[in-house]
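Subject: Structure handover

Hello,

Here is the structure you asked for. Please open it first, then read my notes below.

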Amino acid sequence: MSFDSPLRSVYFVFEQSVRVVNNRISGELEIRVYFRRSVEYLVCVMKRIIVSPSILAADFGRLGEEVRAAEAAGAGLLHLDIMDGHFVPNISFGPRISRFAIENCTMPAEAHLMVTEPLRWAPEFAKIGCRYITFHEETGNVHENISAIKELGVGVGVAFNPDNDLSVLPEIIGEIDLVLIMSVFPGFGGQEFLESGLKNIEKADLIRRQASAKCLIAVDGGIDLKTAPSAVAAGADILVMGSAFFHAESYSAVVKQIASI
Ligand code: DX5
Ligand code: ZN
């Protein structure tokens with residue numbers, strides 16, 4: 001394809017990932033091939049709003065069942081909230097639980113690293129099969145983080161807290177795959193949606209359009225059936241939902257209602 005070809009984007013309906021694992025019973029090496037539905041394809045071609053369930057609010061005693069139910073309900077991207085007790089005042093879970101969740105469904109996964117040293121942990125999350133690795137702009141070294149995560153062969157996401165003015169976004173928008181706009185201060189699920197998050201979605205969408213960039217915009221924190229429509233109107237493609245998803249009676253009813261926005 002030449003640089004000025006009218007065919008500027010190629011989307012795969014499914015993306016393939018291969019993992020070599022040690023069979024726990026026989027001890028033999030196994031090659032596992034996973035086909036996961038592409039989020040880019042769903043958003044850019046099918047024009048879907050993606051529901052991205054955050055397992056922070058799931059029932060951990062039935063985690064496998066929970067992620068399978070989320071997938072069956074039509075959710076499109078698994079959201080893994082990784083907290084180190086330092087960047088945020090809370091500790092969640094790490095690569096092992098994340099891997100279990102990823103292997104129990106065929107949704108692609110995003111690791112949302114709320115950690116002070118994202119590059120220390122990013123390789124672990126690439127290894128377990130995350131499609132996107134998102135770090136916080138507030139951790140510094142934005143350019144270094146972007147290139148190091150790209151080298152792992154995964155999509156790069158950059159997260160912005162509600163009080164971040166996104167001033168660095170114009171210079172990185174062409175380099176990244178995902179912008180994660182926080183509509184709560186990270187650390188805990190179940191918080192109330194902050195209006196400053198809405199302003200940042202609008203700002204990110206404007207920056208994206210001005211740069212004709214392809215990256216996706218996700219919003220995270222306090223998203224429910226009441227706050228979702230304004231987030232979508234502001235330009236969000238992906239809605240991260242913790243409590244409003246996993247505490248709902250019917251996961252598929254949530255996905256259907258979001259689809260009808
Ligand atoms: C906040 C996390 C969010 C959170 C979303 O630190 O990044 O992903 O789990 O949960 P709700 O939807 O309950 O706000
Ligand atoms: Zn999150």
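A polar contact is a pair of N or O atoms within 3.5 Å; within protein, one must be able to donate a hydrogen and the other to accept it, and residues adjacent in sequence count only if both atoms are side-chain atoms. Ser 243 shows this with ligand 1: a polar side-chain atom lies 2.4 Å from a ligand oxygen.

This is a predicted model, so local features need pLDDT of at least 70, side-chain atom pairs count only at pLDDT 80 or more, and totals for chains, interfaces and linings use all residues. Residues are numbered from 1 along each chain as its sequence is written, chains are lettered from A and ligands numbered from 1 in the order written, and side-chain values use heavy atoms, without hydrogens and water.

**Ligand 1**

Asp 220 has a polar side-chain atom 2.6 Å from an oxygen of ligand 1. For His 112, a side-chain N or O atom is 3.3 Å from a ligand oxygen. The protein covers 99% of the 380 Å² of accessible area that ligand 1 has on its own (Shrake-Rupley method, 1.4 Å probe; for residues, only the protein chains shown count as cover).

How many residues surround ligand 1? There are 20, and the closest are Asp 81, Gly 187, Gly 190, Asp 220 and Ser 243. A residue is near a molecule or strand if one of its heavy atoms lies within 4 Å of it. β4 (78-83), β5 (109-114) and β10 (238-241) each give two or more residues to this shell. β4 gives the most, three residues. Helices (H or I, at least four residues) and strands (E, at least two) are DSSP runs, numbered from the N terminus.

**Helix pairs**

α2 (residues 63-73) and α3 (residues 95-103) pack at about 45°, with axes 8 Å apart. The axes are lines fitted to C-alpha atoms, for helices over the stretch in contact, and angles run from 0 to 180 degrees between N-to-C directions. α2 and α3 are therefore oblique to each other. α4 (residues 118-127) and α5 (residues 142-150) pack at about 20°, with axes 10 Å apart. That makes α4 roughly parallel to α5. Under 35 degrees counts as roughly parallel, over 145 as roughly antiparallel, 65 to 115 as roughly perpendicular and the rest as oblique.

**Two loop residues**

Most residues other than glycine have a negative phi. Asn 141 has a positive phi, near 50°. Asn 141 sits in the loop between β6 (132-136) and α5. Leu 166 also has a positive phi, about 60°. Leu 166 is in the loop between β7 (155-160) and α6 (169-172).

Best wishes
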